[in-house]
Amino acid sequence: MNILIMGPAGSGKGTMSKKLHDEFGVAHISTGDMLRENVKNNTPLGHQAKDFMETGRLVPDELINEMVKERLLRADVEKGYLMDGFPRTLVQAKAFEDITKEINKPVDIVVNLKVDVDTLAARITGRRVCKNCGAIYHIKNSPSKVEGICDVCGNATVQRPDDTLEQLQVRLKEHTTNTEPVLDYYREKGLVQDFEASRPADEVWLEIKQAIEAIF
Ligand code: AMP
């Protein structure tokens, strides 16, 4: 089962990805998480990516494609992959087509999450993430039991540096310019299913789960 999940920042890709991973056992590959890990560990890739990420711009395609190619060679991809936040440009989509041919794992479905801009803004500015384990909270919709402390591992929860209204505008523009053509590319192949994702997470999840179960 090979899935792409797409949608602008704040559309719920991370939340739905966790559920997809837990339910279907697919390897959750988030290019954003991988890049943040590289920044945290001060790797050469992290150094190259940091400025782009902090200002909401896309990291250059060559760096991303190389990182994804390596990741797809790991054993946990055996049951399938769930790409979260990739491909974000047509160049990445075409490179991904070559990689998936090599490993014989073509895309089965593109889950597209659609959310209005006001909801995105409220979600992004209220989002908090655990510095240690990456668990996601929202100060109003799903707060941690103790403010600022992760329920899962007890470490501090923080606001991502790009989770501001200003950066959201840049990220939405990137999405319109670069990522919507990617959606069109997969739409032409008949792979995209749209989900109205402004609604509560449980409702959205039920629909996604049913759509995937109908395919496999
Ligand atoms: P995300 O967690 O998916 O919102 O990604 C956070 C940031 O990482 C983005 O704003 C980009 O700077 C960078 N990033 C993540 N995935 C990609 C990608 N596929 N292509 C380029 N940049 C990316």
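This is a predicted model: local features need pLDDT of at least 70, side-chain atom pairs count only at pLDDT 80 or more; totals for chains, interfaces and linings use all residues.
Two residues are said to be in contact when heavy atoms of theirs lie within 4.5 Å, and this is the sense in which residues are said to touch in the paragraphs below. Arginine 160 sits in the loop that runs between strand 7 (157-158) and helix 7 (165-188), and, when residues up to four places away in sequence are not counted, arginine 160 touches Arg36, Arg127, Val129 and Arg171. Because its relative accessibility is 14%, and buried means under 20%, arginine 160 counts as buried.

With that first residue placed, the whole chain can be described. The protein contains 8 helices and 8 strands, and its C-alpha atoms fill a box of roughly 45 × 40 × 35 Å along the principal axes. A compact globule of 216 residues would have a radius of gyration near 17 Å, and the protein has 17 Å, so the two agree. Of the 216 residues, 46% count as buried, while the accessible surface comes to about 11300 Å², with 51% of that area belonging to carbon and sulfur atoms. Among contacts between residues at least 6 apart in sequence, 72% join residues that are at least 24 apart. As for charge, there are 29 positive and 34 negative side chains, and the centres of these two sets lie 3 Å apart.

Lysine 19 belongs to helix 1 (residues 13-24), and although 186 residues separate lysine 19 from tryptophan 205 in sequence, their C-alpha atoms are 7.7 Å apart. Leaving aside neighbours within four places in sequence, lysine 19 is in contact with Asp202 and Trp205, and with a relative accessible area of 25% lysine 19 is partly exposed. The second pair begins with leucine 90, which is found in helix 5; leucine 90 and asparagine 178 are 88 residues apart in sequence, whereas the distance from C-alpha to C-alpha is 7.2 Å. Besides Asn178, leucine 90 touches Pro181, Val182 and Tyr185, again not counting residues up to four places away in sequence. Leucine 90 is likewise described as partly exposed, its relative accessible area being 32%.

At the N-terminal end, aspartate 116 caps helix 6, with a side-chain oxygen 3.3 Å from the backbone nitrogen of aspartate 118. Within the helix, Thr119, Leu120, Ala121, Arg123, Ile124 and Gly126 are buried. An α-helix has 3.6 residues a turn, so residues three or four places apart point the same way. The buried residues of helix 6 pack against strand 5 (127-130), strand 6 and helix 7.

Finally, some details of the backbone deserve attention. Most residues other than glycine have a negative phi, and most peptide bonds are trans. Against that background, a cis peptide bond joins phenylalanine 86 and proline 87, with omega about -5°, and proline 87 is found in the loop between strand 3 (81-84) and helix 5 (90-102). Asparagine 42, in the loop between helix 2 (31-40) and helix 3 (44-54), has a positive phi near 55° although it is a residue other than glycine; at 54% relative accessibility, asparagine 42 counts as exposed. Asparagine 104 lies in the loop between helix 5 and strand 4 (109-114), and its phi is near 55°, a positive value in a residue other than glycine. With a relative accessibility of 64%, asparagine 104 counts as exposed.

Note on methods: Residues are numbered from 1 along each chain as its sequence is written. Side-chain values use heavy atoms; hydrogens and water are left out. Helices (H or I, at least four residues) and strands (E, at least two) are DSSP runs, numbered from the N terminus. The radius of gyration is taken over C-alpha atoms; the globule rule is 2.2 Å times the number of residues to the power 0.38. Buried means under 20% relative accessible area, exposed over 50%, partly exposed in between (1.4 Å probe, protein chains only). Accessible areas come from the Shrake-Rupley method with a 1.4 Å probe; for residues, only the protein chains shown count as cover. Lys and Arg count as positive and Asp and Glu as negative; His and the chain ends are not counted. The place of a charge is taken as NZ of Lys, CZ of Arg, CG of Asp or CD of Glu. A polar contact is a pair of N or O atoms within 3.5 Å; within protein, one must be able to donate a hydrogen and the other to accept it, and residues adjacent in sequence count only if both atoms are side-chain atoms.
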